[in-house]
Amino acid sequence: MNNYQPSTTHKVIFTGLGGQGIVFLTRLFAQTAVALGYPVMASEIHGMSQRGGPVISHFKIGNDQAPLVQQGTADLMIALKADEAVRNLPFLRRGGVIFVNKEKGLVKEVQPHLERLNITVYSLDASSLAAKLGDARRANVVMAGFVIAHSLLPFSLEIMQEIMIKKFSRSAALNIQAMKVGFETGQSMLHKDSD
Amino acid sequence: MNTEVLLGNEVIALGLVEQGCRVVTAYPGTPSSEILPSVAKYKKQFNRQVYLEWSINEKVAFEVALAASWVGLRAAVAMKQVGLNVASDPFFSAAYTGIKGGFIVIPADDPGPYSSQTDQDSRLTALAAKVPVFDPSSPAEARAMIKEALMLSEEFHIPIMLRPITLLCHALQSISMKEPPALNDSIPTIKFQRDPQRWTATPKLRNLLRLKLNTKLAQIEAEFEKASFNYIFNESSSEKAGIIASGVAFHTTKQVLNNLGVELPILKIGTPYPLPQKLIKNFISNYQIVLVLEEPDACVEWQIPNRDQIRGRLDGTVPSKGELSPEVVSSILIKILKMTNCKITPPSDGRELQAFIKDLPLQMYTSRLCPGCAHRSAFFGIKREFGSKAIYPGDIGCYTLGTNLRAVDTVVNMGASVGMAQGFFQANQLVEDKRPILATIGDSTFLHSGVAPLINAVHTGARFVLIILNNHITAMTGFQPTCESEVLADGSNAACKIAISDLVRACGVDFIQEVDPYDHEMFRKTLRQAYNYSLTPRGSVAVVIAKRPCVIYDPSFIYKTPVPVVITEECNGCRYCMKAFECPALIFNKEKNRVDIDYKICVNCGQCINACSKGHIIPRHQNTAKRSLANEQLSAINNS
């Protein structure tokens, strides 16, 4: 399957703390993009404060072979920790979108900046949903499903689940479920908005 | 076509194996550490006969690979940039002797630096050593360069450097996986042949070899004039400014220009040394100003003889330190564009947002030893026993973080703790400073370069305590085996396990005690005995080997005997435990003015029990006991 148009570009920042599965998410998205015929370039930033410290990875679909996403140009940010979403706001472009693992939106103080930059925030308490499925650490995969539901990346749920089984077969069953829960929650939230 | 997503270091390994490298050696070091294990992976996947090893240090790694090249096999050695410092002796010499089978040296640079003692530029080391350099701009290009580098190496009988940086090593790129080139699977029948003019060249012959080397470099420069890795992107003679970009900086520059909505001609350089001078001269002649972008230092820029039109590091246009992030490149380019009166819409200023974020009370993170780390127990014990009136030479590894407990006073390079300890002893004799000297070093680092200085110290009668923190693994860089391990880099069994205590005894040390750093009382007692021994008339260096596995690599001991703890109601928030023991699982509760345990990250090692001298941290099962009873039981535990 090759959906690649030479002009297609997507720039994504993944962020969270060490141990939340940022690297896993990056590789999952990268493998999915590649399966669809897109060229991919990503960077895993292995900081010194890795043990529980902030982790960030840059992910790009397109012909750009520069390793990083320049600040002010990211289309999406997928944050597994709200504080990290705030810390990395400068990466987003005007009109960018944040998907954040949190029960409610980002801290009040940030709102004026979000409005000024026309940034949309979609929140999901992915950790709780993952915990209900039996493992709070699957929050990252729940978020993956949530993100796909919003159709901002050229991925379908089915293709990502297929990649999960093919390339990340360890505990794929639970991950498939977690992704589905995130996806369905995302879909129902979108339908609610459009009512 | 089959496409894979691969880490830059994996792609480098792929290149080495598919181009027929038969011997690959390395020493662990960020950002290069993934190269060797990936060679093991591809050796298996393509079913190739490849010898690979984690060598005891980079000098040995280089020499092992060099011998293979002299036999006629293709070989490679990988390390981080400061590791090249260790391998510099054979590196410089090999440029003169030359090689036989293609030989690639791969030092991974760390602009910043993020995790190194320096942000030195290995291309400059190659320039000094007269070794040609390939500077890849992406993982995919690194793979293509390895093919060319090996051919060039064999054509001119010269080692070649391939110099990636962190952002390439840890990049993920979609790579097409054609079948590996159909290399002849049989090992070449060539055997090592004597060649005294080269292989045993004494200084007189080295003079001749130097002349030959000069000729080779001139010929290689001529080759580089037509190399496919050097080309002009967006060629235009109507612009006032041009850019020369080496390595990854090329793609970053393209990206930033695209974001600025500006087109400028860029001369991409993939072979920074010897610099193709004609190519450079022709390019420069077209423009008023030429900006040179490369990192972490100037290398291309230094080689340009007439720099009147050049802007770069040497004239301050490019900051003299720090990475060439897209944001830094953007501000440099805006400066250049202003110089040429080019009209651009400057991007929205992110400074207001940055300033706002800086003021927010977001959680700050510092590098710290992991919960349960035996090094923490060791440093805590050392500090409790000897306090601030001692000198603590330290070394490179996870235990460098002993500095947080103020038990590491010096960190210079691998193995320096031992030599520095001796140096402090001799200097202190002269200035009549009688403070105890307690040096700390890890097991892998001790094997790397701690043995020679230990022999030197014993031989000269230096008096200090050396604590070898033995967690039986090279932890900081990702749990690579050491010469004490039972397994080798490819998983096969080691022919012989070296015992560090035997090695220390062979260095002439008379006082060697192995002790568990978790056993606070015994550890302190042993340190005191060691120190006292070092003061006796016949005393010299005393060695204490603190033995306990890395809690991340081998947490089995925690599962066997967990010690869950609680902090009692009596905690008054003095935070001595947080300052002196510094476990990340000890957190301060502002509302209640007390210290709490963060049970999400506590691993139940129970070591913090020692950290409160008032006995407010106790095993959980004692929580309901009266305070005096708890103390009694505490002593009983400590004495058992």
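A residue is called buried when its relative accessible area is under 20%, exposed when it is over 50%, and partly exposed in between (1.4 Å probe, protein chains only). The model described here is predicted: local features need pLDDT of at least 70, side-chain atom pairs count only at pLDDT 80 or more, and totals for chains, interfaces and linings use all residues. Residues are numbered from 1 along each chain as its sequence is written, chains are lettered from A in the order in which they are written, and side-chain values use heavy atoms, with hydrogens and water left out.

**Helix α18 of chain B**

Helices (H or I, at least four residues) and strands (E, at least two) are DSSP runs, numbered from the N terminus. In α18(B), residues 451–459, the buried residues are V451(B), P453(B), L454(B), A457(B) and V458(B). They lie on the same side of α18(B), because they cover an arc of only 160° around the axis, the arc being that of the directions from the helix axis to the C-beta atoms. On the other side of α18(B), A452(B) and H459(B) are exposed. An α-helix has 3.6 residues a turn, so residues three or four places apart point the same way.

The buried residues of α18(B) pack against α16 (416–431), α17 (443–449), β15 (465–470) and α19 (500–506) of chain B; contact means heavy atoms within 4.5 Å. Just after α18(B), G461(B) takes a positive phi of about 75°.

**Helices α1 and α5 of chain A**

The axes of α1(A) (residues 22–35) and α5(A) (residues 139–149) come within 10 Å and cross at roughly 40°. Axes are lines fitted to C-alpha atoms, for helices over the stretch in contact, and angles run from 0 to 180 degrees between N-to-C directions. From α1(A), the contact is made by F24(A), L25(A), L28(A) and F29(A), and from α5(A) by N140(A), V141(A), A144(A) and V147(A).

**Aromatic pairs**

The structure holds 22 aromatic pairs over all chains. Rings of Phe, Tyr and Trp (its six-membered ring) pair if their centres lie within 6.5 Å; planes under 30 degrees apart count as stacked, over 60 as edge-to-face and the rest as tilted. Two of the pairs are listed below.

| Pair | Centre to centre | Angle between planes | Type |
|---|---|---|---|
| F99(A) and F146(A) | 5.9 Å | 85° | edge-to-face |
| Y42(B) and F46(B) | 5.6 Å | 20° | stacked |

F99(A) lies in strand β5 (residues 92–101) of chain A and F146(A) in helix α5 of chain A, so their pair ties together parts that are 47 residues apart in sequence. Both F99(A) and F146(A) are buried. In chain B, Y42(B) counts as buried at 1% relative accessibility, and F46(B) counts as buried at 17%.
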